Amino acid sequence: MLKKYFSTILIGIFLLGCEKEIQLALDPNQSLLVIDGSITDEVGPYYIKLSKSNSISASSNFLAMTNALVIVKDNLGQIDTLKHEKEGLYKTNKIKGIYGNTYYLEVQVADKKYTANATMPQKVALDSLRINPFPFNSEVRYNVIPVYTDPIQLGNSYRFIQKINDTLDQTFHVFNDNLNNGKVNQRPLRGGSDSLEVKLKDIVAVEMQCITRPTYLYYYTLYQQSGAGPGGGTTPSNPPTNIIGGALGIFSAHTVQRKQIQIK
Amino acid sequence: MLFFLQVQFSYGQDKFVLNGNVKDQATGEAMIRAVLRIEELPSLGVLSNEYGFYAISLPRGKYTLVVSQLGYEKYKERIQLDSNLILTILLKPANTLKEVVVESGRKNDNLLKPQMGTETLNLNAISKVPVIFGEKDILKTLQLLPGVKSAGEGNSGFYVRGGAADQNLILLDEAPVYNASHLLGFFSTFNSDAIKDATLIKGNGPAQYGGRLSSVLDVKMKEGNNQDFNVNGGLGLISSRLSIEGPLQKEKSSFILSGRRTYADVFLRASDEFKDNILYFYDLNMKANYKIDEKNKIYLSGYFGRDELGLGDAFGIDWGNKTGTIRWNRIVSSRLFLNTSLIYSDYNYNVKLKNGLTNFNINSNIKDLNLKQDYTFYFNPKNTLRFGFNSILHNITPSTFSGTVINSNPKRGRNGLENALYISNYYKASDNLSVDYGLRLSAYSLMGGDAYNIYEKDLLVNTVQLDKQSFGKTYVNPEPRITANYRVTDQTSIKAGYARNVQHLHLLSNSTASSPSDQWIGNSYNIKPEIADQLSVGLVQGWKNNTYELSTELYYKNLQNQLDYKDGAEIFTLADVESALLFGVGRAYGLELLWKKKEGVLTGWISYTLSKTERKINGINQNNWYNAKQDRTHDISIVGIYTLNSRWSISSVFVYNTGDAVTFPTGKYSIQGQTLYQYASRNGNRMPSNHRMDLSVTYDKKRKKRIQESWNFSLYNVYGRENAFQINFQDDPKDLSRTQIIQTSLFRWVPSVTYQFKF
């Protein structure tokens with residue numbers, strides 16, 4: 001957050017700064033399995049997406065893994081073997097997403113096995129979205145505050161996915177209650193310089209997820225690493241994940257609520 | 001060891017002490033490290049100390065005393081010694097044509113200087129070296145020396161011999177300066193108008209210095225002219241400065257007051273796009289001294305600096321240092337000099353975030369109260385002993401939060417007591433061999449008033465609640481130091497040294513750049529003192545009566561108890577930041593070459609460093625060795641100053657260095673529709689190499705009555721090299737399936753003009 005302000009000011013001051021696209025010789029990439037899976041409290045089916053990572057210079061149309069064995073179990077004894085639908089998407093048949101339940105994922109590709117588990121947190125109600133205008137260089141700018149009351153126990157984590165007029169805001173918005181445990185949230189979804197600006201008449205749609213601690217750590221690490229380089233950001237690395245076995249990605253169990261608002 | 005302890009008493013005759021002060025004739029400023037010799041006894045030689053004091057004991061007789069100091073005419077005086085004698089030596093400033101910017105060994109004086117890896121900056125001459133924005137700056141000039149690396153382009157932060165930025169002890173009149181940069185590093189806190197002397201010691205500091213692993217930068221403020229009033233000033237495009245100095249009572253007391261302010265914000269306000277940007281700093285240096293009598297002198301010095309940075313009401317950050325020093329010089333006897341200092345130092349920062357109705361503040365603070373006694377005992381012409389103690393009370397408050405939306409913050413300030421005892425001896429064994437050896441014993445005690453958590457393998461295993469007035473764990477570390485210098489011929493000398501340094505305060509920084517919000521933390525039950533052992537050897541070779549000099553040093557450094565963070569550590573909001581720390585070791589080694597031309601119309605130097613710096617931290621890079629960020633294999637600086645005539649001079653700087661060690665992704669993947677990057681080993685890649693050339697022209701106007709004026713025109717980055725400041729990977733907006741690598745660079749062709757006056 002701070003570093004974004006720093007780099008905005010820095011680049012602003014030294015107008016002499018300039019950007020250009022360059023070529024770099026990068027180390028060869030070891031292609032790994034990528035698991036992108038979520039169990040939510042919405043009505044199923046749920047999907048687990050399997051793909052392979054690729055080198056930087058290659059296309060971002062990633063290779064889908066279509067020949068895996070994917071199983072999701074829960075702590076009530078349900079065992080669900082997922083069916084490959086298309087393009088690496090595996091669909092659940094019967095498992096139900098309920099908060100408090102723990103979900104166990106098993107993925108088998110050839111002779112390699114990957115596992116992960118996640119316990120869906122309690123749902124914290126998203127009461128409303130509040131428009132938050134603020135002055136900035138003699139114009140008014142906006143952002144949106146998700147209004148919810150954090151429960152009294154410490155340790156809640158949240159993720160917000162923001163769309164502005166249907167365009168995804170690429171910033172990773174994750175909050176926890178380290179500082180405001182038990183309080184009504186007043187922290188806005190603050191866009192960085194690399195995210196979209198919110199203007200008058202825009203429609204802002206927010207999805208609120210109550211997430212597990214590992215999922216928080218995963219997205220928070222990604223957030224910290226954005227804007228890496230001498231101007232800010234921590235030294236990047238693959239974010240810590242709950243998947244055991246050497247795959248990239250995250251297996252999340254979270255609740256989902258959505259609201260939208262027009263800026264006026 | 002016996003050899004070192006051997007002390008020679010044998011002169012057999014009556015002995016008398018010659019002592020006094022060495023001063024600048026025009027201003028009365030004390031002269032530091034002036035070389036005093038007796039022509040008749042060439043094996044003798046002493047240096048004046050930090051306050052210009054010297055003492056030599058000699059048998060009865062007639063002698064010729066010769067005193068030399070860089071930038072001053074040689075002083076020669078016949079003396080008759082048949083009782084103790086007090087002699088004040090006044091040195092006349094020399095013709096400025098022969099000024100050299102950096103002086104590590106004066107002509108033929110290497111013999112007297114066993115210190116390894118020591119560089120002293122000549123403040124008069126650095127004004128001719130081009131720097132960005134035309135603001136002469138000791139920290140940026142230092143970066144042109146071997147073994148010293150810049151923290152980034154235009155940045156005043158520096159790394160010495162593979163150490164981190166927090167491993168430099170930066171002292172301003174003995175007070176530690178915790179953040180030596182203004183304006184996010186583009187300026188240093190040192191206003192060169194107020195500074196007399198700056199010395200950098202690269203890890204082989206004598207025993208009186210301690211507390212940081214990599215280097216000591218000892219900056220001394222001017223005392224103020226005790227003969228005459230002077231006004232000094234400079235007007236630049238970005239900043240201006242003014243200083244006034246003069247006697248309070250002639251020859252008895254004097255003062256100097258020096259201030260500086262940038263005004264880039266004034267220009268910004270004129271543009272629509274940036275009119276709400278706030279960005280400026282100011283600083284003030286003050287010093288006064290009073291001579292009570294021939295044996296007692298008191299100095300008061302202070303520094304106050306503040307940075308303000310912000311975007312309208314939405315965001316603001318301000319930070320600054322305050323330091324204050326009271327010093328009392330006392331000549332206890334003709335051979336014993338005592339300095340007692342009481343020092344206060346304070347660094348704090350405040351962050352304000354305001355967003356509509358919400359507001360949020362972060363504050364952090366470190367305060368020191370420091371008492372020091374330092375004795376210099378001129379035991380005999382062959383042995384000068386230095387001993388004393390230093391006791392610092394640290395009060396460190398890590399980032400605390402306040403605001404409309406936040407619970408009260410449970411974090412409290414922690415206190416620590418840092419003590420040190422030291423003794424060292426400068427032993428001139430023979431004409432050709434001198435040795436400086438000593439021992440520093442440092443201790444750090446945790447003090448009561450807070451709870452300390454103890455972690456083992458990520459798990460909280462115990463909490464120690466320390467009551468106020470009680471002490472927790474105490475770390476005690478002996479720090480042996482030795483350096484020796486052997487003069488092989490008049491123009492060749494060899495040096496070797498070993499030193500252990502211990503650091504009890506640590507800077508936690510989670511960004512790759514230095515930022516004012518980086519926070520300091522003391523030792524605890526988990527954080528152990530950082531330890532560095534450095535071994536170095538060197539060779540100095542002169543030519544043509546030492547007009548040319550090549551010094552070579554090799555060093556190897558071993559680091560213990562180094563700190564880093566876990567991935568995703570939230571250093572601001574964690575209740576206990578210690579739970580997110582990782583520990584490990586480091587090593588650094590390298591070769592430093594410095595070739596200087598010290599005299600003539602063309603002076604300057606070429607410096608080259610070949611080095612390696614690595615870390616091995618448990619929990620990072622699969623516990624394997626990796627390059628530290630500041631590991632730059634090659635580092636070259638060329639500095640030339642050409643004096644056309646007494647009015648015009650031209651200077652130029654060229655620098656080249658290998659890019660920082662960084663981590664670039666090797667691959668990419670997609671999660672929830674967003675492109676993420678895959679990484680392999682830490683810091684396995686390099687930023688593109690940096691190079692640039694700067695030019696500067698100085699015109700000294702003919703002196704009119706009392707007024708002396710000069711103009712400096714400089715151009716930074718003459719050939720407009722786009723040095724990479726930042727490299728980002730992103731989806732190509734035109735083709736989302738393609739990844740773009742975008743390089744951002746700053747500073748192409750920065751011209752500046754500075755006008756300076758003195759009357």
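Reply: In chain A, 63% of the contacts with a separation of 6 or more are between residues 24 or more positions apart; a contact means that the C-beta atoms of two residues, placed from the backbone, lie within 7 Å. The model is predicted, and local features need pLDDT of at least 70, side-chain atom pairs count only at pLDDT 80 or more, while totals for chains, interfaces and linings use all residues. Residues are numbered from 1 along each chain as its sequence is written, and chains are lettered from A and ligands numbered from 1 in the order in which they are written.

Chain A has 264 residues, of which 44% are buried (20 or more other C-beta atoms within 10 Å of the residue's own; exposed means 12 or fewer, partly exposed in between, with C-beta atoms placed from the backbone). Its two helices and 17 strands are DSSP runs numbered from the N terminus, H or I over at least four residues for helices and E over at least two for strands.

In soluble globular proteins, nonpolar side chains tend to be buried together. The largest nonpolar core holds 55 residues, and I35(A) and L50(A) touch the most other members. Such a core is a set of buried Ala, Val, Leu, Ile, Met, Phe, Trp, Tyr and Cys residues joined through C-beta atoms within 7 Å. Helix α2 (residues 213-225) of chain A contributes the most to this core, six residues. Beyond its neighbours within four places in sequence, I35(A) contacts I48(A), L50(A), V107(A), Y114(A), I243(A), A247(A), G249(A) and F251(A). A second, separate core has 46 residues, among them L217(B) and V655(B).

β44 (residues 667-671) of chain B pairs with β45(B) over five bridges.

Chain B is divided into domain 1 (11-94), domain 2 (98-218) and domain 3 (219-758), with bounds from an automatic or database domain assignment. In chain B, 21 residues of domain 1 contact 21 residues of domain 3. On the domain 1 side of this meeting, β1 (15-24), β3 (41-47) and β4 (53-59) of chain B each supply at least two residues, and β4(B) gives the largest share, five residues.

Definitions and conventions: Two strands pair if DSSP finds at least two bridges between them.
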